[in-house]
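Hi,

Here is the structure I promised to pass on. My notes on what turned up follow below.

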Amino acid sequence: VQLQASGGGLVQPGGSLTLSCAASGTRFNLAILGWFRQAPGKQRELVARITGGMITGYLDSVKGRFTISRDNAKNTVYLRMNNLKPEDTAVYYCNLRNGGDDFWGQGTQVTVSS
């Protein structure tokens, strides 16, 4: 199983980014997909999650600013991030859960700074 994340970068406060994560080697349509992040000195936290039935959930601090979506035809999950804040700075990881198995992407850095 491979998860390839992309789309991170440096953005000013108030800016936007879209992260993408393409999966291969596993069943995708029914998988639970998530984006996590880890800031320096902090624990990894769940930012957003989407089920095979398109049910979504978000960390309170990103509600209304971030949107998770999936394209099953492309085996890809996205995280659209608007109105970014300095406290969103972290390495973002995509996660795929099939049954009891968890798979992780390599992480992509998001830095929000003026």
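A polar contact here is a pair of N or O atoms within 3.5 Å; within protein, one must be able to donate a hydrogen and the other to accept it, and residues adjacent in sequence count only if both atoms are side-chain atoms. By that rule, the side chains of Arg70 and Asn72 are joined by a polar contact of 3.0 Å.

Before the rest, a word on the source. This is a predicted model, where local features need pLDDT of at least 70 and side-chain atom pairs count only at pLDDT 80 or more, while totals for chains, interfaces and linings use all residues. Residues are numbered from 1 along each chain as its sequence is written, and side-chain values use heavy atoms, with hydrogens and water left out.

Back to Arg70. This residue sits in strand β7, residues 66-71 (strands are DSSP runs of E, at least two residues, numbered from the N terminus). Arg70 is buried but has no salt bridge. Buried means under 20% relative accessible area, exposed over 50%, and partly exposed in between, with a 1.4 Å probe and protein chains only; a salt bridge is a side-chain nitrogen of Lys or Arg within 4 Å of a carboxyl oxygen of Asp or Glu. The nearest side chain of opposite charge is Asp71, 8.5 Å away (Lys and Arg count as positive, Asp and Glu as negative; His and the chain ends are not counted). A polar atom of the Arg70 side chain also lies 3.3 Å from the backbone oxygen of Asn29. Leaving out residues up to four places away in sequence, Arg70 touches, among others, Phe28, Leu33, Ile50 and Met54, where contact means heavy atoms within 4.5 Å.

Most residues other than glycine have a negative phi. Met54 lies in the loop between β5 (45-50) and β6 (56-58), and it counts as partly exposed because its relative accessibility is 44%. Asn83 also has a positive phi, near 50°; its place is the loop between β8 (76-81) and β9 (90-98).

Finally, the cysteines. Cys21 and Cys94 form a disulfide with sulfur atoms 2.0 Å apart (the cut-off is a pair of cysteine sulfur atoms within 2.5 Å). Cys21 is in strand β3 (residues 17-24) and Cys94 in strand β9, so the pair ties together parts that are 73 residues apart in sequence. The link is right-handed, with 50° about the S-S bond. Cys21 counts as buried at 2% relative accessibility, and Cys94 counts as buried at 1%.

Best wishes

Note on methods: Helix = DSSP H or I, 4+ residues; strand = E, 2+ residues; numbered from the N terminus.
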